[in-house]
Amino acid sequence: MKKYVCGVCGYTYDPAKGDSESDAPAGTAFEDLPDDWVCPVCGASKDEFEPED
Amino acid sequence: MKPVEVKQDIYWVGAIDWDIRDFHGYSTKKGTTYNSYLVVDDKVTLFDTVKHGFAGELLHRVHGVIDPAKIDYLVLNHMEMDHTGSILEVVEAIKPEKIFVSTMGFKSLQAHFPTDDWPIQKVKSGDQVSLGSRSVSFVETRMLHWPDNMFSYIPEDKLLISSDAFGHHWATSERFDDEVDASELMSHCAKYYANILMLYAPHLRKLFAALGEMNLDIDTIAPDHGVIWRSDPGKILAAYERWCNQHFSQKALVVYDTMWHSTEMMAKAVANGIMEQGVSVKLMNLAVNHRSDVVQELLEARALVLGSPTLNNGILPRMGDFLTYAKGLKPSNKIGAAFGSYGWSGEAVKILTGALQEMKVEIVDDGIRHQFVPDHDALRACRELGVKVGQAVKASA
C-alpha cells in the first residue's frame, strides 16, 4: 500500500499506521479512506494528496 | 495607552509595534500591531494576546477597562508567537477560568509552552460558548495560515474576530479603516495576503464557500494585525475573493539582478517590448527591491519574467533568495520567460526557466541568453521577447 503526501502541509499518510484522529485503523489504504477524510494536520481534502515518490 | 471601544463593552486592548522592520523575512516598513480584544460580559473574555515584550502594554490597556484578574475566559485563535509570546505573563496575571483553543491549537500550544496546569478547553467549528448576554461561535480556519487558526464570531455584535486573516502590518495610532488612508490600507493588505496567504488560495476559496453557507451577519471584522474594518468590511472580503480566485490584472512583472548592467539593459528592453503591447509592466531590480515587495507585485501580475546573469555556473544570490521565497508562496496560473547575460558558461537562463516550470508557470519562450554586453541585435531580441510576453498577457485576458 502506498504512502500519500499532503500537497499543502507535507503530512504523509502512512497506511501502515492509519489515522487515529479519524478512526482509520492501521492497514487502511489511502484509497479506502472516506471521501470526506481530511489531512489531520492541516485539514486539506483527499484530492490535495499525491502518492509518495 | 488607553483601550479603544470597538462596540459597546468590546475594546481593542492590543499593542503597537512601531519598530519592527523584519517579520521573518517580510519587510514591515511601517511596523505592525498585535491586536487583542476584550469583551466585558458576565464572563469577561480576552481574545488573543500579543508578542513577547508587549504584555505590559496589553495589561495596561485592559486595566483601563477592568482589573485583568477579573478576566474569566481567554480565547487563542492562533498560536504563532506574535500572538502568544506574552502568554506566560498574561495567564499569570489573569488566571483564566478557561482557555479556548482549536484542536490543532491545543497541539501547537503544548509544543510551545508548559500548559499542563492550564484550564484548556478544545473547541471545533460550530461550537458555541455563552458569555452572558452574548455568545461566541468558533470557525476553524485550518492553514489560514497555520493548522491552529480559527475565527471567533459574536453574532449579537455582528463581530468577526478573524485572527490573521484580513489583517495587515501597519503601526498606526488609528484603530479603524475609516480613520486611515484607504489606498495605503489596501496596499498593506495586498502585501500581507501575498506574503502570508497566497499559497492558501484553495483553502480561502473553500472558506468563502463555507462562510457563504453559514450566512454570518457581519458588520465589523477585527483582525489580529492592523486596523479594524468597521466601515467597509465588504471591501477586504471582496479583495480576498479576487485574490484567492486569482483574477489577475493585465500586468507583467520583470524581476532581475545584474552584475555589470548587461542583464539590466536586457531587462529594460524586455520591459519596453511589454509596454509596446499596451500592457502595464513593473521592472524590479532585486538589488533595490525587497523580496516581500516583489511578491506583493506578483500577486496581481499575469506574467513573471526573470533575468539573471550567470555567476559561477549559477544565478545571482539575490535571485536565489527570491526564487526560494516565491516558490514557497505558490503563485499560480502565471505565464513567463527568462533572460540573462553571461561570460562563458551561461547556465542562468536554463536555471531560471526550470524554476519557473517548478512554479508551474507557462513558459512562452525558451528565453534569451547573451554573451557579455548586449548589442543592438541582442536588445532587439529582448524587446521581441517582451512583445511576446505582452501578447500572451493580452491573449489570456
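Biologist: How many residues of chain A and chain B take part in the contact?

Modeller: The contact draws 12 residues from chain A and 10 residues from chain B, where contact means heavy atoms within 4.5 Å. This is a predicted model, with local features needing pLDDT of at least 70, side-chain atom pairs counting only at pLDDT 80 or more, and totals for chains, interfaces and linings using all residues. Residues are numbered from 1 along each chain as its sequence is written, and side-chain values use heavy atoms, with hydrogens and water left out.

Biologist: What area do chain A and chain B bury between them?

Modeller: The size of an interface is often given as the accessible area lost when the parts come together. Here the two chains bury about 750 Å², 45% of it on carbon and sulfur atoms. That area is found with a 1.4 Å probe and summed over both parts.

Biologist: How many salt bridges cross the interface of chain A and chain B?

Modeller: The rule asks for a side-chain nitrogen of Lys or Arg within 4 Å of a carboxyl oxygen of Asp or Glu. It finds two across this interface. One joins B:Lys107 and A:Glu21 (2.5 Å, N to O).

Biologist: Which residues of helix H4 of chain B are buried?

Modeller: An α-helix has 3.6 residues a turn, so residues three or four places apart point the same way. In H4 (residues 103-112), B:Met104, B:Gly105, B:Ser108 and B:Leu109 are buried, that is, under 20% relative accessible area (1.4 Å probe, protein chains only). They lie on the same side of H4(B) because they cover an arc of only 135° around the axis, taken from the directions from the helix axis to the C-beta atoms.

Technical notes:
Chains lettered and ligands numbered in written order. Buried < 20%, exposed > 50% of the residue type's maximum accessible area, 1.4 Å probe, protein only. Helix = DSSP H or I, 4+ residues; strand = E, 2+ residues; numbered from the N terminus.
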